[in-house]
Amino acid sequence: MYSLLARPGTARHFHDRVYAGDILLAADLPAMNALVGFTRAFVEDALHPWLPQHIHRHLNHEQQTVLFAKCQNEFARSAEIQRLWHAVIEQLGLTPDSLACDRLHLRFQPHREPEQLTPRARTTATIAFHRDTWGSNLYAQTNWWAPVYPVTAGRTFALYPGLWQRPLLNSSVTFDMRAILQRSHQDGRNAVDADEAIPHLLEAIDSEEGIAVEIEPGSLIAFSGAHAHAGVGNSTGLTRISFETRSVLIADVMAGLGAPNIDGYAPWQTPGLFRRMSDGKRLSEILGCGVIERYSRPA
Ligand SMILES: [Fe+2]
């Protein structure tokens, strides 16, 4: 499923491959090892006296959502995490002044018994099948994902590379990102549950088509936000903790480059969620548009 990422590569070559549907793997990257090491120390400290992967044994769901949200906010704001992420980007031959990046996200997916009713809070839920572009409408978007602790086929997420070019029935046409952002800002991230935060698939697909992402801590993958993916239900006995974010090459957004839009119909585009990595300036300011803008699908 993966193409190995030459490093250092060029931003042009990297993004052309992402827009063409390649799933790029950077294996055992020194800068990513440094980010993983710092992140482990960060979560071990934040969840002390419990071991991060055992946290579901000690806290109920309500306590988990509160603690994970606090951890996620501190992680996203950490200057050291930002610095380590910049180093990863630079080691791949990309530059922080050319990219705008979404929030750096620490994902927790606690173990659950297979028959357990699963709460759908945004901080803990297994994410349903989707393409990010169904919600974001940013076809230049690159998704980044990396494990913080080891993952297995039962404790990870799955990509569906076979669906890259297959239009799928989905609920993007009624997906109101503006209303979701308003509620999220007013009442906090947990006010919008994991199912409301993304559009949904409206047809049956064979879950066997999903390929579990099993890469080692210290490695990371980059793939187009137009790739279909879904969380894998975790009943492995350990909580999954992984790192993810999204980026765009600013010049490509300006030039209208990106992956093809085969089945996205959402009415909004949200460039304001991305900030230039070098100075934190919002992509919407750089583009001279609103944080959220009406999106018209090219004919
Ligand atoms: Fe996603």
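Select strand β8 (residues 220-224): five of its five residues are buried, so the strand is largely enclosed by the rest of the structure. A residue is buried if 20 or more other C-beta atoms, placed from the backbone, lie within 10 Å of its own, exposed if 12 or fewer, and partly exposed in between. Strands (E, at least two residues) and helices (H or I, at least four) are DSSP runs, numbered from the N terminus.

The model is predicted: local features need pLDDT of at least 70, side-chain atom pairs count only at pLDDT 80 or more, and totals for chains, interfaces and linings use all residues. Residues are numbered from 1 along each chain as its sequence is written.

Then select strand β5 (residues 142-147), which pairs with β8 in the antiparallel sense over four bridges. Within this pairing, Asn143 has Phe223 as its bridge partner in β8.

Now move to Trp268, in strand β11 (residues 268-269). Trp268 counts as partly exposed because it has 19 C-beta neighbours inside 10 Å. Select Ser136 as well: its C-alpha atom is separated from that of Trp268 by 7.3 Å, although the two residues are 132 apart along the chain. Leaving aside residues up to four places away in sequence, Trp268 touches, among others, Asn137, Met177 and Tyr295; contact requires C-beta atoms, placed from the backbone, within 7 Å.

Definitions and conventions:
Contact = placed C-beta atoms within 7 Å. Pairing = 2+ DSSP bridges.
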